[in-house]
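The structure is shown below, and the topics follow in turn.

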Amino acid sequence: MTATLTILQAGPSLSLQDLGRPGYLAQGLTRGGASDPTALYEGAALLRQAVGGAAIEMAGTGGSFRSDTDIRIAITGAKMAANIDGESLIWNASHMLPAGATLTIGGAQNGSYGYLHVGGGFATEPQMGSRASHLSAGLGQALKSGDTLPVGKDGGKDIGMTIPADTRFGGGIVRVVASMQTEAFAPETRERFIQTPFKRDSRANRMGVRMDHDGTGFSTDGQLSIVSEVIVPGDIQITGDGAPFVLMCECQTTGGYPRIGTVIPCDLPRIAQAQTGAAIRFEFIEMDQAVALQSRYLKELKSLASSVVPLVRDPANIRDLLSYQLVGGAVSADADPFQEEY
């Protein structure tokens, strides 16, 4: 019998996402997939399973869920208040969702996208090699209340595992490389761009994120004569009102706005997870540095399983047990605690 997970109440924006559909850019389809792919790797590490499975991406807030059998779950990405039948859950960890119990996930507390993973993954029918919903392309659909998702066979058993929280939440420095029109912007404009403190605008979705800032907008001579050409996620377009707009996983494949730079792939999750109003600064780096940073990022993703530890540690499995203070606070069973010692 196939296990199922039912969405009792869906938040405003839930969708099934995996690592997307690479290889279709020439056909007009961007990769899509999770807005924060790092969270997928974290969930796979917590459940000790392959990374290719899909998870429920929850934008802003989650919902309530119920399974018809005991299943393992993991929750990653932007921290959200979560509980099972009122018992609070630790985020960035794996848990058991008992049959018939209600999992409730609330609003995001430190980012924009949370992820719900299940042991065995969701066993929906793939389309073009992926289970990800690419709504702007008409692939898949938003999840809604009452939907039931089949759960794949789970070969794992570990629960109560956790992984250290990452630093990609809350904005910060975002590294970019030169793009097709970077040199078309005057040097003083590029300098103002990197010195400007931006804020993540409320106008954002899986196609792109607008950056708000004080002062005049950005522009370049001849921007109205730019011919539409290939664009990719991470490109920073300067729109007609002079505001930077960072293209995300479901962006279009061609465009004619000038691009002042391109966010390197390993920093795109920081853009995705910046909540409305989060402060962001852009920093230009050279291509060889970007390649090295991306290579290191991919290695770190592959090694995430080694950073997973139990929520409650077993002394028999603590390699550095002797470094712990095990006798602090010890008292005598015979001494009078009210008698002063000299």
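By class, 10 nonpolar, four polar and eight charged residues make up the lining of the second largest pocket. The model is a predicted one. The second largest pocket holds about 500 Å³ of space, while the largest pocket has a volume of about 660 Å³. The structure also contains two cavities of 30 Å³ or more, and the count of salt bridges comes to 15.

**Second largest pocket**

- The second largest pocket, with about 500 Å³ of space, is lined by 22 residues, of which Thr38, Asp166, Thr167, Tyr297 and Glu300 are the closest to its centre.
- Helix 1, strand 13 (172–177), helix 3 and helix 4 are the elements that each give two or more residues to the lining of the second largest pocket.
- Helix 4 gives the most to this lining, with five residues.

**Largest pocket**

- The largest pocket, of about 660 Å³, has 30 lining residues, and those nearest its centre are Arg31, Pro37, Pro233, Pro265 and Leu268.
- Two or more residues of the lining of the largest pocket come from each of helix 1, strand 20 (259–263), helix 3 (268–273) and helix 4 (287–302).
- Helix 4 gives the most to the lining of the largest pocket, with four residues.
- By class, the lining of the largest pocket has 20 nonpolar, seven polar and three charged residues.

**Cavities**

- The largest cavity contains about 70 Å³ of space.
- Its lining consists of Leu40, Gly43, Ala44, Gln49, Ala50, Val51, Gly53, Ala54, His117, Val118 and Gly121.
- At least two residues of the lining of the largest cavity are supplied by helix 1 (37–47), and at least two by strand 10 (113–118).
- Helix 1 provides the largest share of that lining, three residues.
- The lining of the largest cavity has six nonpolar and five polar residues, with no charged residues.
- The second largest cavity contains about 50 Å³ of space.
- Ser35, Tyr113, Arg200, Asn205, Arg206, Val209, Met248, Cys249, Ile271 and Ala272 line the second largest cavity.
- In the lining of the second largest cavity, six residues are nonpolar, two are polar and two are charged.

**Helix 1**

- Helix 1 is largely enclosed by the rest of the structure, because nine of its 11 residues are buried.
- The buried residues in helix 1 are Thr38, Ala39, Leu40, Glu42, Gly43, Ala44, Ala45, Leu46 and Leu47.

- Six strands form an open sheet in the order 7-6-9-4-1-11, with antiparallel pairing.
- Strand 7 (87–88) and strand 11 (148–151) are the edge strands, each pairing on one side only.
- Strand 1 (residues 3–10) pairs with strand 11 in the antiparallel sense over four bridges, and Ala3 has Val151 in strand 11 as its bridge partner.
- Leu16 lies in strand 2 (residues 14–17).
- The relative accessible area of Leu16 is 4%, so this residue counts as buried, the cut-off being under 20%.
- Not counting residues up to four places away in sequence, Leu16 touches Ala54, Ala55, Ile56, Phe122, Thr124, Arg131, Ala132, Ser133, Leu143 and Leu149.
- Leu16 and Leu293 are 277 residues apart in sequence and 29 Å apart in space, C-alpha to C-alpha.

**Salt bridges**

- Side chains of opposite charge can pair when their charged atoms come close.
- Asp154 and Arg72 form a salt bridge through their side chains at 2.7 Å, N to O.
- This pair ties together parts that are 82 residues apart in sequence, because Asp154 lies in the loop between strand 11 and strand 12 (161–162) and Arg72 in strand 5 (residues 71–77).
- Asp154 is partly exposed at 28% relative accessibility, whereas Arg72 is buried at 3%.
- The side chains of Asp235 and Arg259 meet in a salt bridge of 2.9 Å, N to O.
- The pair links distant parts of the chain, with Asp235 in strand 17 (residues 235–238) and Arg259 in strand 20, 24 residues apart.
- Both Asp235 and Arg259 are buried.
- The side chains of Asp201 and Arg203 meet in a salt bridge at 3.1 Å, N to O.
- Asp201 is buried at 7% relative accessibility, whereas Arg203 is exposed at 51%.
- A network of salt bridges links Asp36, Glu42, Asp166 and Arg168.

Conventions. Residues are numbered from 1 along each chain as its sequence is written. This is a predicted model: local features need pLDDT of at least 70, side-chain atom pairs count only at pLDDT 80 or more; totals for chains, interfaces and linings use all residues. Side-chain values use heavy atoms; hydrogens and water are left out. On a 1 Å grid over the protein atoms alone, a cavity is a set of points where a 1.4 Å probe fits but cannot get out, and a pocket is an open set with protein on both sides within 12 Å along at least five of seven lines; lining residues have an atom within 4 Å of a point. Grid points are joined across faces, edges and corners, and a volume is the space filled by probe spheres set on the points. Ala, Val, Leu, Ile, Met, Phe, Trp, Tyr, Cys and Pro count as nonpolar, Asp, Glu, Lys and Arg as charged, and the others, Gly among them, as polar. Buried means under 20% relative accessible area, exposed over 50%, partly exposed in between (1.4 Å probe, protein chains only). Two strands pair if DSSP finds at least two bridges between them. Contact means heavy atoms within 4.5 Å. A salt bridge is a side-chain nitrogen of Lys or Arg within 4 Å of a carboxyl oxygen of Asp or Glu.
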